[in-house]
Amino acid sequence: MFKLPRRYWVVLWRPSRYFSLGFLTIAGFIAGILFWGGFNTVLELTNTERFCIGCHEMRDNVYQELQGTIHFTNRSGVRAKCSDCHVPHDWTSKMARKMQASKEVWGKIFGSIDTPEKFAEHRLLLAQNEWKRMKANDSLECRNCHEFAYMDFTRQSKRAADAHSKYLASGEKTCIDCHKGIAHRLPDMSGVH
């Protein structure tokens, strides 16, 4: 068994001025655990539906639309909450999305989307930003629940089965290319390809 020389133990436990190096190391470790636990707790609280609809911009606009879709109420009882579709599940992508979302808070703070009229005015841009993000990550949030490998094409309409087997299988398209407006009303799309 490996033994540290006595001089290392002395340095480890000798007081720096008020506290020993050992005490500072242990205290730093405990503080790190508390910080990490607190950070993750707050992070997960920002993924709750209650947090997402805490501002009236979301509660009175897009949340109302979600309630009328199959992602909210369906025969299986599985319901998607805001973060299921708007926040990636893996940690690294989640952190990147949270940093990106922090910029979106400016819309709330500065009132650029604080009325239904202002929200409608910015809705196309907001939707396009979300579609672009989902296109870039190959609709990762959709794939957290909908896995191509497990799709039963015999239970899909011919049109859906053809599109899924051709475009998804080849990687030519991703979910958001065809399923815009699946959980929210589409913005005014006049003039949009």
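1. Arg133 forms a salt bridge with Glu130, and their closest N and O atoms are 2.4 Å apart. A salt bridge here is a side-chain nitrogen of Lys or Arg within 4 Å of a carboxyl oxygen of Asp or Glu. By this rule the count comes to 13 salt bridges.

2. Before going on, note the basis. This is a predicted model, where local features need pLDDT of at least 70 and side-chain atom pairs count only at pLDDT 80 or more, while totals for chains, interfaces and linings use all residues. Residues are numbered from 1 along each chain as its sequence is written, and side-chain values use heavy atoms, leaving out hydrogens and water.

3. Where do Arg133 and Glu130 sit relative to each other in helix H7? They are 3 residues apart in this helix (residues 116-136), so about one helical turn separates them. Helices are DSSP runs of H or I with at least four residues, numbered from the N terminus.

4. Are Arg133 and Glu130 buried or exposed? Arg133 is buried, with a relative accessible area of 11%. Glu130 is buried too, at 12%. Buried means under 20% relative accessible area, exposed means over 50%, and partly exposed lies in between (1.4 Å probe, protein chains only).

5. Arg133 has another salt-bridge partner, Glu141, with the closest N and O atoms 2.7 Å apart. Glu141 counts as buried, at 2% relative accessibility.

6. Now take Arg143. Its salt bridge is with Asp138, and the closest N and O atoms are 3.2 Å apart. Arg143 is partly exposed at 22%. Asp138 is partly exposed at 38%.

7. Which residues make up the largest nonpolar core? There are 5: Ile53, Tyr63, Leu66, Phe72 and Ala183. Such a core is a set of buried Ala, Val, Leu, Ile, Met, Phe, Trp, Tyr and Cys residues joined through side-chain atoms within 4.5 Å. In soluble globular proteins, nonpolar side chains tend to be buried together.

8. His184 lies in the segment after helix H10 (175-178). His184 is partly exposed, at 25% relative accessibility. Not counting residues up to four places away in sequence, His184 touches Val62, Glu65, Leu66, His86 and Arg123. Contact means heavy atoms within 4.5 Å. A polar atom of the His184 side chain lies 3.2 Å from the backbone oxygen of Val62. His184 and Gln67 are 117 residues apart in sequence, and their C-alpha atoms are 9.2 Å apart in space.

Conventions: Helices (H or I, at least four residues) and strands (E, at least two) are DSSP runs, numbered from the N terminus. A polar contact is a pair of N or O atoms within 3.5 Å; within protein, one must be able to donate a hydrogen and the other to accept it, and residues adjacent in sequence count only if both atoms are side-chain atoms.
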